[in-house]
Number of protein chains: 2
Amino acid sequence: MGKVNIKWTGKMAFNVEVGGFNIPIDATEKVGGMNGGPQPKPLTLASLGGCTGMDVISILTKMRVKPDYFNVEVNGELTDEHPKYYHKIHIRYIFRGRDLPMAKLEKAINLSQDRYCGVTEMLNKAAEITHEIVIEE
Amino acid sequence: MGKVNIKWTGKMAFNVEVGGFNIPIDATEKVGGMNGGPQPKPLTLASLGGCTGMDVISILTKMRVKPDYFNVEVNGELTDEHPKYYHKIHIRYIFRGRDLPMAKLEKAINLSQDRYCGVTEMLNKAAEITHEIVIEE
């Protein structure tokens with residue numbers, strides 16, 4: 001189960017309460033907001049990136065692989081037609097570290113994308129989800 | 001387009017950067033986290049509730065309907081099978097205010113759910129999304 005409260009705080013602003021934590025969200029000035037927080041739609045991408053990111057770091061830890069830096073960059077492409085949603089999502093898993101074993105990185109990511117990540121399982125019914133692995137020097 | 005960075009900050013914690021705003025996310029202690037922020041999966045529900053909440057308040061403002069209080073409560077039911085995702089989502093639109101016109105509330109919500117909200121359009125390919133309107137005294 002999951003339960004989230006999104007309480008109106010004036011104009012286009014809301015406070016999201018999730019698991020005891022609060023996140024202010026808002027719209028941009030262009031559509032009547034005050035840009036006081038992130039917009040709601042990209043939170044879907046944040047949910048996906050956080051889910052798979054936690055899977056990957058958890059699996060890598062079990063494999064005794066510890067990167068110096070790990071960033072999950074999620075890019076969503078909206079449909080042309082309204083209501084616009086992300087019909088293509090590309091995830092870049094970006095690592096830095098010495099002698100990172102590519103085969104283990106690939107294995108951890110494939111386990112997340114194919115078997116563990118519930119958000120991927122949900123969103124891939126609406127979007128084509130692709131990914132790449134980037135090792136930065 | 002949408003772009004989100006989810007950067008690892010240690011153990012199971014990540015910092016989400018979206019549109020210039022930062023949200024720390026984390027896992028619970030039970031799975032190796034430190035409970036330093038919301039978990040990623042319910043952010044999908046937050047995205048949905050924020051999207052439809054902004055639609056509804058925007059439409060109601062144009063209709064010159066101004067509630068004293070408006071809260072969007074989103075409940076997601078996870079699948080039994082792994083990877084677990086929300087296969088049923090129920091949205092409760094909760095209002096308080098004097099002489100709120102139910103027909104206009106219904107119209108605003110139906111416009112959001114049927115025509116405007118891109119997150120609904122995306123998630124209803126994976127989940128059965130239902131809703132109700134609650135007017136509290």
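Predicted model: local features only at pLDDT ≥ 70, side-chain atom pairs only at ≥ 80, totals over all residues.
A helix, as the word is used here, is a DSSP run of H or I with at least four residues, and helices are numbered from the N terminus.

By type, the lining of the second largest pocket divides into 14 nonpolar, six polar and five charged residues.

The largest pocket has a volume of about 1200 Å³. Its lining consists of 41 residues, and A:M12, A:A27, A:V31, A:Q39 and B:D55 lie nearest the centre. The lining of the largest pocket is made up of 21 nonpolar, ten polar and ten charged residues.

We turn now from the pockets to contacts between charged side chains. Over all chains, the structure holds eight salt bridges. In one of them, the side chains of A:E132 and A:R92 meet at 3.3 Å, N to O. A:E132 lies in strand β6 (residues 128-136) of chain A and A:R92 in strand β5 (residues 86-96) of chain A, so this pair ties together parts that are 40 residues apart in sequence. How accessible are the two partners? A:E132 has a relative accessible area of 31% and is partly exposed; A:R92, with 24%, is partly exposed, because that term covers values between 20% and 50%.

Another salt bridge joins A:E136 and A:R96, at 2.7 Å from N to O. Here A:E136 is in strand β6 and A:R96 in strand β5 of chain A, so the pair links parts 40 residues apart in sequence. A:E136 is partly exposed at a relative accessible area of 29%, and A:R96 is partly exposed at 33%.

A further salt bridge brings together the side chains of A:E121 and A:K125, at 3.8 Å, N to O. A:E121 counts as partly exposed at 25% relative accessibility, and A:K125 counts as partly exposed at 35%. Finally, salt bridges can share partners: A:E73, A:R92 and A:E132 are joined in this way into one network.

Definitions and conventions: Residues numbered from 1 in each chain as written. Chains lettered and ligands numbered in written order. Heavy atoms only, no water. 1 Å grid on protein atoms, 1.4 Å probe; cavity = no way out; pocket = protein on both sides within 12 Å on 5 of 7 lines; lining within 4 Å. Points joined across faces, edges and corners; volume = space filled by probe spheres on them. Nonpolar A, V, L, I, M, F, W, Y, C, P; charged D, E, K, R; others polar. Salt bridge = Lys/Arg side-chain N within 4 Å of Asp/Glu carboxyl O. Helix = DSSP H or I, 4+ residues; strand = E, 2+ residues; numbered from the N terminus. Buried < 20%, exposed > 50% of the residue type's maximum accessible area, 1.4 Å probe, protein only.
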